[in-house]
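Here are my notes from going through this model, point by point. Have the structure open while you read.

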Amino acid sequence: MSKIKKIAVFTSGGDAPGMNPCIRAVVRTSKYLGLEVAGINQGYQGMIDNNIVDMDHHSVSNILQLGGTILKTARCLDFKTPEGRKLAYDNLQKNNIDGLVAIGGDGTFNGIELFSREYDVKVIGVPGTIDNDLYGSDYTLGFDTATNTVIEAIDKIRDTAESHARLFFVEVMGRDAGCLALRAGIAAGAEAIMLPEKDTSIEELIETLKAGAAKNKSSAIVIVSEGDKSGGAFNVAKKVKEVFNFYDTKVTILGHLQRGGSPSAFDRVLGSRMGFAAVKALVAGESRKTVGLRGNQIVLTDIKEALCGHEFKLEEDLLEMSVVLA
Ligand code: F6P
């Protein structure tokens, strides 16, 4: 088993609060263990463009509290081609890099899975996405911060909704996964939550809103996940308004503000734990694994299993509870 000598860390796909604490942990743990360490800017694109810089303890000073990613990120199409991956490998060789820590979502993990089958490089994935939709970890980096950001916004919307007796449709991120919408909906007491994993008809939604109005609710908040099958918040609001106009209706799209902001304490600790564990895994000779948190333990999952072994399931019990408590 050849020993790892130099690790490179990169972030890829959508940024997420907690990526910086993780980068910091990778760099500092590597140095502590006597390894060289580099940062790859702009994810896979930086690997192809040789946008790689050596890092040390001080390169990651004062970043723990920063949102986004100091290494920048990109959604890179060139890495999907064999020519792009060859260029990337040549650049890793030029920089003497033999281990990679990739922080991102399933697109990022697919990249390292394929790359490490084609080339002699050890890889560990760290789940970083506000969507919390990766198998192998109860929580992904950024999810906790984003949930807090969403509920802070909804609490403010609730103030004005209540003052004006209005119905608000609030669109929350999550193209394929409703985890953020569900947790934020519970924490903010939303009257209804529309999720990509669950077909809620407009008729059902109207029944729920009518029941609320009958209980003298003077405002209502419906969270619409970006990927809901009835369309986005504007579409849903339009369809509801045609039939149910008990309240004045407004729409808020929270958009990319959900991706920014200083990481919560939870995401700072999680990023630190995951980065530390990723380096230790590479040093122990592991590869093609993802790091995750399960029941407060850091665990490794085979990357193939993380990607396609299991479908990420909607938490039905939480959904049922949200209906009862609303
Ligand atoms: O994967 C995280 C995420 O924020 C999704 O919730 C959202 O659908 C997507 O990224 C938006 O991506 P982009 O910033 O590239 O438009």
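**Notes on the predicted model**

1. Let's start with the overall layout. The centres of domain 1 and domain 2, taken over C-alpha atoms, are 34 Å apart. Keep in mind that this is a predicted model. The domain assignment gives domain 1 as 6-142 + 263-309 and domain 2 as 144-260. Where the two meet, 14 residues of domain 1 are in contact with 14 residues of domain 2.

2. Now the inside. The largest nonpolar core has 57 residues, and Val101 and Ile103 have the most contacts inside it. Helix 5 (residues 143-164) gives the largest share of this core, with eight residues. Both domains take part: the core draws at least three residues from each of domain 1 and domain 2.

3. Setting aside residues up to four places away in sequence, Val101 touches Ile7, Ala8, Val9, Phe10, Val26, Ile124, Val126, Ala278 and Leu282. There is also a second, separate core of 24 residues, which includes Met47, Ile52, Leu100 and Tyr119.

4. On to the rings. Searching the whole structure turns up 11 aromatic pairs. One of them, Tyr44 with Phe79, is stacked, at 4.0 Å centre to centre and with 25° between the planes. Tyr44 sits in helix 2 (residues 43-48) and Phe79 in the loop between strand 3 (52-54) and helix 3 (82-94), so the pair ties together parts that are 35 residues apart in sequence. Tyr44 and Phe79 are both buried. Ring pairs also link Phe10, Tyr44, Phe79, Tyr89, Phe115 and Tyr119 into a cluster.

5. What about disulfides? A search of the whole structure finds zero. The sulfur of Cys22 has its closest cysteine sulfur in Cys179, and at 20 Å that is too far for a bond. Cys179, in turn, is in no disulfide, and the nearest cysteine sulfur to it is that of Cys22. Are these two cysteines buried or exposed? Cys22 counts as buried because its relative accessibility is 0%, and Cys179 counts as buried at 4%.

6. Thr147 lies in helix 5. With a relative accessible area of 10%, Thr147 is buried. Neighbours within four places in sequence aside, Thr147 is in contact with Leu180, Arg183 and Ala184.

7. Gly142 is in the loop between strand 5 (122-127) and helix 5. At 0% relative accessibility, Gly142 counts as buried. Leaving out neighbours within four places in sequence, the contacts of Gly142 are Ala16, Pro17, Ile130 and Asp267. For a sense of scale, the C-alpha atoms of Gly142 and Ser218 are separated by 33 Å, and the two residues are 76 residues apart along the chain.

8. Last, two backbone angles to check. Most residues other than glycine have a negative phi. Asn132 is not a glycine, yet has a positive phi of about 50°. Asn132 lies in the loop between strand 5 and helix 5, and counts as buried at 1% relative accessibility.

9. The other angle belongs to Arg288, where phi is near 55°, again a positive value in a residue other than glycine. Arg288 is found in the loop between helix 9 (265-283) and strand 10 (289-294). Is Arg288 buried, partly exposed or exposed? At 21% relative accessibility, Arg288 counts as partly exposed, because buried means under 20% and exposed over 50%.

Conventions
Residues are numbered from 1 along each chain as its sequence is written. This is a predicted model: local features need pLDDT of at least 70, side-chain atom pairs count only at pLDDT 80 or more; totals for chains, interfaces and linings use all residues. Side-chain values use heavy atoms; hydrogens and water are left out. A nonpolar core is a set of buried Ala, Val, Leu, Ile, Met, Phe, Trp, Tyr and Cys residues joined through side-chain atoms within 4.5 Å. Buried means under 20% relative accessible area, exposed over 50%, partly exposed in between (1.4 Å probe, protein chains only). Helices (H or I, at least four residues) and strands (E, at least two) are DSSP runs, numbered from the N terminus. Domain bounds come from an automatic or database domain assignment. Contact means heavy atoms within 4.5 Å. Rings of Phe, Tyr and Trp (its six-membered ring) pair if their centres lie within 6.5 Å; planes under 30 degrees apart count as stacked, over 60 as edge-to-face and the rest as tilted. A disulfide is a pair of cysteine sulfur atoms within 2.5 Å.
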